[in-house]
Amino acid sequence: MIAYIEPYFLDNDAEASAVAGKSSDGVSESLNLQGTIVCGGDAADIAGKDFGGMNFVKPLAVVRPVGPADIAGAVKAALRSDKLTVAARGNGHSINGQAMAKGGLVVDMSSTAENHFEVGFLSGDGGGTAFVDVSGGALWENVLKRCVSEYGLAPRSWTDYLGLTVGGTLSNAGVSGQAFRYGPQTSNVTELDVVTGNGDVVTCSEVENSELFFSVLGGLGQFGIITRARVLLQPAPDMVRWIRVVYTEFDEFTRDAEWLVSQKDESVDYVEGFVFVNGDDPVNGWPTVPVHPDHDFDPTRLPQSSGSVLYCLELGLHYRNSDSNSTVDKRVERLIGRLGFEDGLRFEIDLPYVDFLLRVKRAEDIAKVNGTWETPHPWLNLFVSKRDIADFDRTVFKELVKNGVGGPMLVYPLLRSRWDDRTSVVIPEGDVFYIVALLRFVPRCTKASSVERMVIQNQEIVQWCVKNGIDYKLYLPHYKSQEEWIRHFGNRWSRFVDRKTMFDPVAILSPGQKIFNRSP
């Protein structure tokens with residue numbers, strides 16, 4: 001069966017087709033797939049590059065499955081070969097080639113996006129907790145729109161950008177401004193259907209096949225391909241009061257952010273933050289703070305002692321259309337009235353809930369128009385402990401990237417208590433840690449050497465963390481050696497290896513992560 005596919009990977013596509021003696025449909029039939037297979041140069045066009053734009057590898061073929069049986073068939077076919085690997089590709093938003101498979105099979109999960117959508121209620125809890133069963137290949141933005149419009153419900157935890165697949169974010173963690181309250185997306189799923197590296201199709205949960213369930217959540221695609229997820233829902237609000245307030249001092253910014261995320265009785269519903277340049281740079285500076293085009297940033301409100309960078313705390317408060325403006329205003333003032341931001345540097349707007357969650361979609365549209373959506377994205381995402389975040393600010397924000405990175409520089413606190421240690425995700429020690437995201441957007445026509453310098457600067461930041469004993473973990477991690485992966489997982493490395501041996505013993509899955517080598 002595999003012999004029919006392998007000739008397609010020859011350098012000359014025409015020669016490959018001749019040697020294979022089969023069309024793509026013929027290859028599908030030989031593998032007994034209901035879906036289709038794309039080979040040769042077309043496969044490279046589909047799955048040879050990702051959003052990061054810094055890696056290009058040529059897959060042997062792209063499998064477009066109809067359902068789990070096709071995915072299992074692709075895995076079993078790879079198992080029968082000497083060297084084939086299999087990678088699941090969602091919407092192609094990896095940064096460092098994590099969803100690629102050089103000379104292997106890439107499973108295009110978008111073909112399964114509509115396979116599941118069913119809203120129900122969990123048994124055993126009085127019928128009060130709603131859930132939705134969705135395909136691993138479904139985009140979160142589509143899950144959001146359908147849940148809200150048809151049922152008035154919504155998932156509890158999000159990512160900032162919703163053009164990502166359910167299976168993709170659950171394989172990492174899924175973090176945004178709601179994670180302080182509900183945890184990452186991995187903490188808000190109760191059941192999965194998974195195709196393992198053994199080619200088995202398995203339903204798993206906290207009580208059924210639990211080892212597989214917790215392995216796959218945050219497992220970087222190493223243990224299985226998620227084909228269905230049961231995601232917890234809650235009533236969707238109608239509106240969001242979106243607020244941004246500005247700080248000049250990092251310790252005041254972090255004090256207020258940590259206070260907000262630690263409130264147990266009443267708090268805002270969304271907390272994030274970012275660093276920006278103290279200047280009029282339209283990409284990195286003051287203009288990035290206002291939430292509406294009619295709002296202006298007044299730098300005369302800043303004290304003369306302000307440094308090279310400033311800090312913005314970003315908040316969201318949910319409410320219903322039936323709530324009066326005065327009621328919403330009073331709730332807002334109770335929560336932010338004690339915060340120590342700079343007078344006159346508060347910006348706010350009211351948005352429909354769905355519009356607020358899709359706010360990055362508008363930025364995507366702009367980036368596509370100006371060409372920066374298709375350029376390389378040398379991003380760096382880290383979790384940094386509360387213990388070390390002030391040192392990180394002094395060295396990284398105030399020195400290494402004090403002129404900005406050409407995109408957002410996010411920093412905001414998360415609570416360990418909202419994360420489940422049984423999953424494969426690793427986070428820093430301590431009750432509070434911060435996510436830091438340097439989201440570089442490269443202007444069109446930027447030279448490759450400039451992009452390489454950005455990558456080098458990211459490496460310098462990581463090396464500084466290592467050298468100075470900073471308690472950090474890469475989020476959406478990427479390493480080039482197993483030694484680095486061992487350091488990343490620390491005392492959980494042996495558990496990770498044991499899980500790999502159990503669910504993908506030949507190391508078929510997710511070769512782009514470069515954690516394990518395929519066994520013969």
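How many residues of strand β13 (residues 309-319) are buried? The count is 11 of its 11 residues, and the strand is mostly covered. Buried here means under 20% relative accessible area, exposed means over 50%, and partly exposed lies in between (1.4 Å probe, protein chains only). Strands are DSSP runs of E with at least two residues, helices are runs of H or I with at least four residues, and both are numbered from the N terminus.

This is a predicted model, in which local features need pLDDT of at least 70, side-chain atom pairs count only at pLDDT 80 or more, and totals for chains, interfaces and linings use all residues. Residues are numbered from 1 along each chain as its sequence is written, and side-chain values use heavy atoms, with hydrogens and water left out.

Two strands pair if DSSP finds at least two bridges between them. Strand β11 (residues 239-247) pairs with β13 in the antiparallel sense, over 9 bridges. In that setting, methionine 239 stands opposite tyrosine 319 of β13. Strand β12 (residues 270-277) also runs antiparallel to β13, joined by 8 bridges. Glycine 273 has leucine 313 in β13 as its bridge partner.

## Domains

The domain assignment, automatic or from a database, gives domain 1 (24-110 + 506-513), domain 2 (117-235) and domain 3 (239-474). The centres of domain 1 and domain 3, taken over C-alpha atoms, are separated by 35 Å. Their contact (heavy atoms within 4.5 Å) takes 7 residues from domain 1 and 9 residues from domain 3.

Buried area is the accessible area (1.4 Å probe) that two parts lose on being put together, summed over both. Between domain 1 and domain 3 it is about 580 Å², and carbon and sulfur atoms give 70% of that. On the domain 1 side, Phe51, Met54 and Ile95 lose the most area to domain 3. Together they account for 74% of what that side buries. The count of salt bridges between domain 1 and domain 3 is 0.

## Salt bridges

Side chains of opposite charge can pair when their charged atoms come close. A salt bridge is a side-chain nitrogen of Lys or Arg within 4 Å of a carboxyl oxygen of Asp or Glu. The structure holds 33 salt bridges. Three of them are tabulated here.

| Salt bridge | N to O distance |
|---|---|
| Arginine 228 and glutamate 191 | 2.6 Å |
| Aspartate 193 and arginine 228 | 2.7 Å |
| Aspartate 420 and arginine 422 | 2.8 Å |

Arginine 228 takes part in a bridge to glutamate 191 and in another to aspartate 193. Arginine 228 lies in strand β10 (residues 224-235) and glutamate 191 in strand β8 (residues 189-196), so this pair ties together parts 37 residues apart in sequence. Arginine 228 is buried because its relative accessible area is 7%. Glutamate 191 counts as buried at 17%. Aspartate 193 is in strand β8 and arginine 228 in strand β10, so their pair ties together parts 35 residues apart in sequence. Aspartate 193 is buried, as is arginine 228.

Aspartate 420 has 25% relative accessibility and counts as partly exposed. Arginine 422 is also partly exposed, at 37%. Elsewhere, salt bridges that share partners join Arg241, Asp329, Glu333, Arg346, Glu348 and Asp350 into one network.

## Cysteines and loops

A disulfide is a covalent bond between the sulfur atoms of two cysteines. With a cut-off of sulfur atoms within 2.5 Å, the structure holds 0 disulfides. Cysteine 39 is buried, at 7% relative accessibility. Cysteine 445 is exposed, with a relative accessible area of 75%.

Serine 171 sits in the loop between α7 (166-170) and α8 (179-182). Serine 171 counts as buried because its relative accessibility is 10%. Leaving out residues up to four places away in sequence, serine 171 touches Val216, Gly218, Gly219, Leu220, Gly221 and Ile226.

Leucine 476 is in the loop between β18 (472-474) and α16 (482-489), and is partly exposed at 32% relative accessible area. Serine 510 also has a positive phi, near 50°. Serine 510 lies in the segment after α17 (493-503) and counts as buried, at 10% relative accessibility.
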